[in-house]
Amino acid sequence: RPVSSGSVQSMRPAPVQKAKEETDQATRSVFVGLDTIKVRSPYLWRLLQSPCRGNVTRHEDGRFTVEIHKYSFEALFAYGRYLHEDEVVCRPEAAMELLELAQEYVDTTGLAEQSAQLVRRTVDSESLAPCLASCLYLRRAALAAEITKLRLCVDNACDVLQVVECGDLSDPQAVYIRDIAMCFAARNATAVVKSERFAHLGDALKSRLFIKLATMGLLKT
């Protein structure tokens, strides 16, 4: 996941959101109204009130700055916008980060549901593999299977196979997704083998694909 140094800052008085990039550092800030944080994000509100807050700075004018390095700026910006407008607007990869954030922040406002819906609507052939990797990491197997069926194609089949191979194959859903990808690759073997990404497949995966072709009676001798 691309990560840049970021912070969420509270503002007084009114809830106004914007983003800026510091000229002398790689730090970007997302501004969120303090009242909005109190109502919409109990997790952040408790963080601001905590006596042990090494990543929180209180300013003389009443503002707080929370440094967050785990999530990308795009995801944090989308979260700030969501807190104010109750709408998730971002790329599907960032929406997957918001799914993780919603889980970590114990969100009950519907952030996870909106993020998952956005992923379903906007995931494309290029973003499928990274979104699938995030789904498997977060154990969102149902969403992983759904987007795989929606967007699996010749151009990303090899990347999808690699992602699933790196996942937890003790999970039946992960095995199910692997089987979907392997069957697709076998049915479209000529195009997949000629694709640019095939050269990046490990030898074990290539062997597994050829075995699949043989079992399906598609391997010519």
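Modeller: Thr 65 is buried, at a relative accessible area of 11%; buried means under 20% relative accessible area, exposed over 50%, and partly exposed in between, with a 1.4 Å probe and protein chains only. This is a predicted model, in which local features need pLDDT of at least 70, side-chain atom pairs count only at pLDDT 80 or more, and totals for chains, interfaces and linings use all residues. Residues are numbered from 1 along each chain as its sequence is written, and side-chain values use heavy atoms, with hydrogens and water left out.

Thr 65 sits in strand β5. Helices (H or I, at least four residues) and strands (E, at least two) are DSSP runs, numbered from the N terminus. Strand β5 covers residues 64-68, and four of its five residues are buried. The side chain of Thr 65 makes a polar contact of 2.6 Å with the side chain of His 59. A polar contact is a pair of N or O atoms within 3.5 Å; within protein, one must be able to donate a hydrogen and the other to accept it, and residues adjacent in sequence count only if both atoms are side-chain atoms.

The partner of β5 is strand β4 (residues 56-58), paired with β5 in the antiparallel sense over three bridges. Two strands pair if DSSP finds at least two bridges between them. Val 56 has Val 66 of β5 as its bridge partner. The two strands form a hairpin with five residues between them, and Gly 62 in the turn has a positive phi of about 95°.

Asp 86 has a phi of about 55°; Asp 86 lies in the loop between α3 (73-85) and α4 (92-104) and is partly exposed at 40%. Val 106, with a positive phi of about 50°, lies in the loop between α4 and α5 (111-122) and is exposed at 59%.

Next, the rings. The structure holds three aromatic pairs. Rings of Phe, Tyr and Trp (its six-membered ring) pair if their centres lie within 6.5 Å; planes under 30 degrees apart count as stacked, over 60 as edge-to-face and the rest as tilted. Tyr 43 and Tyr 105 are stacked, because their ring centres are 4.2 Å apart and their planes are at 10°. That pair links distant parts of the chain, with Tyr 43 in helix α2 (residues 42-49) and Tyr 105 in the loop between α4 and α5, 62 residues apart. Tyr 43 is partly exposed at 26%, whereas Tyr 105 is buried at 7%. The rings of Phe 73 and Phe 77 have centres 5.9 Å apart and planes at 45°, so this pair is tilted. Phe 73 and Phe 77 are four residues apart in helix α3, which means a separation of about one helical turn. Tyr 43, Tyr 79 and Tyr 105 form one aromatic cluster.

Helix α9 (residues 172-187) begins with a side-chain oxygen of Asp 171 within 3.0 Å of the backbone nitrogen of Gln 173. The buried residues of α9 include Ile 177, Ile 180 and Phe 184.

Lastly, the cysteines: the structure holds zero disulfides, a disulfide being a pair of cysteine sulfur atoms within 2.5 Å. For Cys 90, the nearest cysteine sulfur is that of Cys 131, 9.6 Å away. Cys 90 is buried at 17% relative accessibility, and Cys 158 is buried at 1%.
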